[in-house]
Amino acid sequence: LLAMRRCYSKFSSFHLGFKNSNFFLVDSAIGSGSVTRTIATTSERSFSNYAAQVDQTKDNPVSDMLIDSFGRLHTYLRISLTERCNLRCQYCMPSEGVELTPKPQLLSQSEIVRLAGLFVSAGVNKIRLTGGEPTVRNDIEEICLQLSSLKGLKNLAITTNGITLAKKLPKLKECGLDSLNISLDTLVPAKFEFLTRRKGHERVMKSIDTAIELGYNPVKVNCVVMRGLNDDEICDFVELTRDKPINVRFIEFMPFDGNVWNVKKLVPYAELMDKVVKGFPSIKRMKDHPTETAKNFTIDGHCGSVSFITSMTEHFCAGCNRLRLLADGNFKVCLFGPSEVSLRDPLRSGADDEALREIIGAAVKRKKAAHAGMLDIAKTANRPMIHIGG
């Protein structure tokens, strides 16, 4: 408790370098696993919104394992189910492809569920399934069923390219899938084939419509914006939100190994926003949760909404509550950080739950206050996105 207070005293006195920084202090009763006091200082987001996050932990108290040295609570786990994908998106994978981890070295269904159970029992209340493309995994329905049954889990989500989603989604919903993000970077079929190096635009559009028909609201559509490729379609994407419950999420182009990132390809948030405002002057900012990665907006007369994920130009590290479990069992506390620790190896060596919790907790405590700057990220060795998971 005293260590946490000293940590807060040290870091509450200076700015971490973000325009909209949040500082969290959590006093956790050591050994009890219960959050006894939470203080949030925010420059742009309201305390009441942060309090809502704390309320979510009442039925499933957050243990010290999920609290880093800056007092951030990590209640959101992203699990990559596979490194395989049925597309070859330019920003995700090099043209020659990547060397995939041999199947025996990937986590099995039972290993995924066991590790997920550890995180949920410690306070994680949201899990997102990623890849690769998670729907290419044959046992995805059973994985969803088992994960959705974990006591304390409030939301089970998926990020998918939508190629095979339409036919699988009814069953996935029955198995407990609560929400979904569908990646789509262009509304032009020919350009889709160029960007993904595969056909399938119509199938993705069908998946979006199927999700709406099944009652998903909103259906989130992720669009990575790249200058000279799809930045001329910004307003066309916004139009998708007029009559349908779609949340279009514009994502700044991020550097990963093999995706030939260049700052000239980056279309910054300010420029994206300027284009949207000119086409839709009634756009208004929503109140965002302190741990939200996106800046969210509504437009008068539109059924859906528009969001911007500004990983490159306006960091949101101070409110980060995300952890990542990779398909090969490596545990990653920051998307842009190269550091990883294996959970698969100790698990297969017979480690009990307490030993695994110690490994996880130690990794969380090593999480840095923020990732490197944009140009430094581009120079830092990191795995291709296909290995990390979206």
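Accessible areas come from the Shrake-Rupley method with a 1.4 Å probe, and for residues only the protein chains shown count as cover. On that basis the protein chain exposes about 16,400 Å², of which carbon and sulfur atoms supply 54%. This is a predicted model, in which local features need pLDDT of at least 70 and side-chain atom pairs count only at pLDDT 80 or more, while totals for chains, interfaces and linings use all residues. Residues are numbered from 1 along each chain as its sequence is written, and side-chain values use heavy atoms, with hydrogens and water left out.

The secondary structure of the protein chain comes to 13 helices and 14 strands, where helices (H or I, at least four residues) and strands (E, at least two) are DSSP runs numbered from the N terminus. Of its 390 residues, 56% count as buried, a word that stands for under 20% relative accessible area (1.4 Å probe, protein chains only).

Helix α3 covers residues 109–122, and because its 14 residues at 1.5 Å each should span 20 Å, the 20 Å between its end C-alpha atoms agrees with expectation; the expected span is 1.5 Å times one less than the number of residues. Among the buried residues of α3 are I112, L115, L118 and F119. Just after α3, G123 takes a positive phi of about 130°.

The cysteines come next. If a disulfide is a pair of cysteine sulfur atoms within 2.5 Å, the count comes to 0 disulfides. The sulfur of C175 lies 6.5 Å from the closest cysteine sulfur, in C144, which is too far for a bond. C175 counts as buried because its relative accessibility is 6%, and C223 is buried with a relative accessible area of 0%.

Note on methods
Buried < 20%, exposed > 50% of the residue type's maximum accessible area, 1.4 Å probe, protein only.
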